[in-house]
Amino acid sequence: MSKGKKRKILFSLSIALTSFVTFNGVSNASAAVPTIEERVALDNKLEVKQARTSNETLQDWKKWTNDHSYSLTSIQPETVGKQKIPANKFEDLEMLKPLLHDKRIVFLGESSHGVAEFNLAKTRIIQFLHQEMGYNVLAFESGLGNAMNAQGQIDKQTAQQTMKDAIFPVWWAKETLPLFEYSKKTQNTDKPLKLAGFDIQLQGSFTNGDWLQNSQLAKQFGEAEKQLTEWSYSNDLKGYQKVKPSIIAVYKQVKSQVSLKEKELKEAYPSEPHIVKLMERTFADRIHFAEEYVELTIKTIIELEQDKDDSYLKTIEWRDQAMMENLLWLAEEVYPTEKFIVWAHNDHIRKAHSEVKGSPDSVKLMGERLPDIYKKYSYVLGLYMAGGETANNLREPMAVLPPIKGSIEDILSSTNELTHLSTYATVKMNEGTHGCLSHAYHIAGESWRKV
């Protein structure tokens, strides 16, 4: 800005503030109007600070990121032998200890479910948190009943089958399998890593019903599960409302048998000591799901065809409220003395998701809905992509778009710390293409740039 222009602006300000500015200790109300020379002298004494440009602010963020970053020596899960993993294998993760020493829950997020490197990095972090910091419960953004089933039979089946039973297919990946192999090996130790789920969404039938010892009721239960799945993709609201009472009646009948079949349940699920509590909760979830959520999904399908999204936003909030309630129930009723690791998408675990640009500010997800005490004693680690490939929820490969200027990916990309450059290609399992490998990823802790 030129001196002349600066003086012109300040001159205008001095006129506007004549009633409030004091010259030589005398109020302007009684003083003579200052001369041009006096105004110029005053102008020269004033320090003018220009507003920071967006580029300057961005550079400040990038500098801060460089000054507060750590590098990981590896994202590959550690090999587990007969003994526990040597502590020196986790030296690069020691920096997490002062951040997490008083935290009961560590949320491990991801910006996509289809990134193989996320699965690898999270598995290694989980190994560290479990072995070195005593986090003994691993809760997934997957069905509460499905994880219950997987944990209950973990000693009776392969790690791969446990993975398929416990979590949504988006995570059925070669890179995720070491996590379930690790969990299986810990079961006979004095500190097993227990599997849990907190999602309410349908994920296939969570039990075959053999423990009921009533083939007719078990068959009715299986049919009810199939019906709920089909109706969740329907646009026939009146049709569902007509059959809903009969579906709910089946779930209520089966739920009433849970406490009566404690012996049979424990025999069917020997590695899950809380099987009765978890089974009752799962059936309560199914009833709640049938009562409210299915109708919301049907309304969503109808409204999206009309370019409306009111019901869609309600389904998002409904699900996240249910997930939060399940997570708190696990923490308070099932494992009240244990520390938790939570595996979920970044969106669900952010504590202020509604403030993220592009998010509906009226929609608050699980992390934002947590009671303040849980926000205080939890910590979020979010994983973000910076390049390469990912896969959508249908397991179809997609290119990762270049980071947008000013985005968290752009800022984190300014440093090579916490970055792993990959030369791998997409890997396949028997089921086909799974999560692709991105060429770079970043981890941002909750304390990242707290200003």
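Reader: Before we start, what does buried mean here?
Author: Buried means under 20% relative accessible area. Keep in mind that this is a predicted model.

Reader: Fine. Arg 124 and Glu 78, then: buried or exposed?
Author: Both Arg 124 and Glu 78 are buried.

Reader: How far apart are the closest N and O atoms of Arg 124 and Glu 78?
Author: They are 2.9 Å apart, and the two residues form a salt bridge. Arg 124 sits in helix α5 (residues 116–133), while Glu 78 is in the loop between α3 and α4 (97–100), so the pair ties together parts 46 residues apart in sequence.

Reader: Which residues are linked in a network with those two?
Author: Asp 92 is. Glu 78, Asp 92 and Arg 124 are linked in a network of salt bridges.

Reader: How many salt bridges does the structure hold?
Author: It holds 15.

Reader: Switching topic. What does Asp 410 form a salt bridge with?
Author: With Lys 62; their closest N and O atoms are 3.5 Å apart. Asp 410 is in helix α17 (residues 408–412) and Lys 62 in helix α3 (residues 54–67). That links distant parts of the chain, 348 residues apart.

Reader: And are Asp 410 and Lys 62 buried or exposed?
Author: Asp 410 is buried, and Lys 62 is too.

Reader: Next, Arg 286. What is its salt-bridge partner?
Author: Glu 225, with the closest N and O atoms 2.7 Å apart.

Reader: Where do Arg 286 and Glu 225 sit?
Author: Arg 286 is in helix α12 (residues 275–304), and Glu 225 is in helix α9 (residues 215–231). The pair links distant parts of the chain, 61 residues apart. Arg 286 and Glu 225 are both buried.

Methods. Residues are numbered from 1 along each chain as its sequence is written. This is a predicted model: local features need pLDDT of at least 70, side-chain atom pairs count only at pLDDT 80 or more; totals for chains, interfaces and linings use all residues. Side-chain values use heavy atoms; hydrogens and water are left out. A salt bridge is a side-chain nitrogen of Lys or Arg within 4 Å of a carboxyl oxygen of Asp or Glu. Helices (H or I, at least four residues) and strands (E, at least two) are DSSP runs, numbered from the N terminus. Buried means under 20% relative accessible area, exposed over 50%, partly exposed in between (1.4 Å probe, protein chains only).
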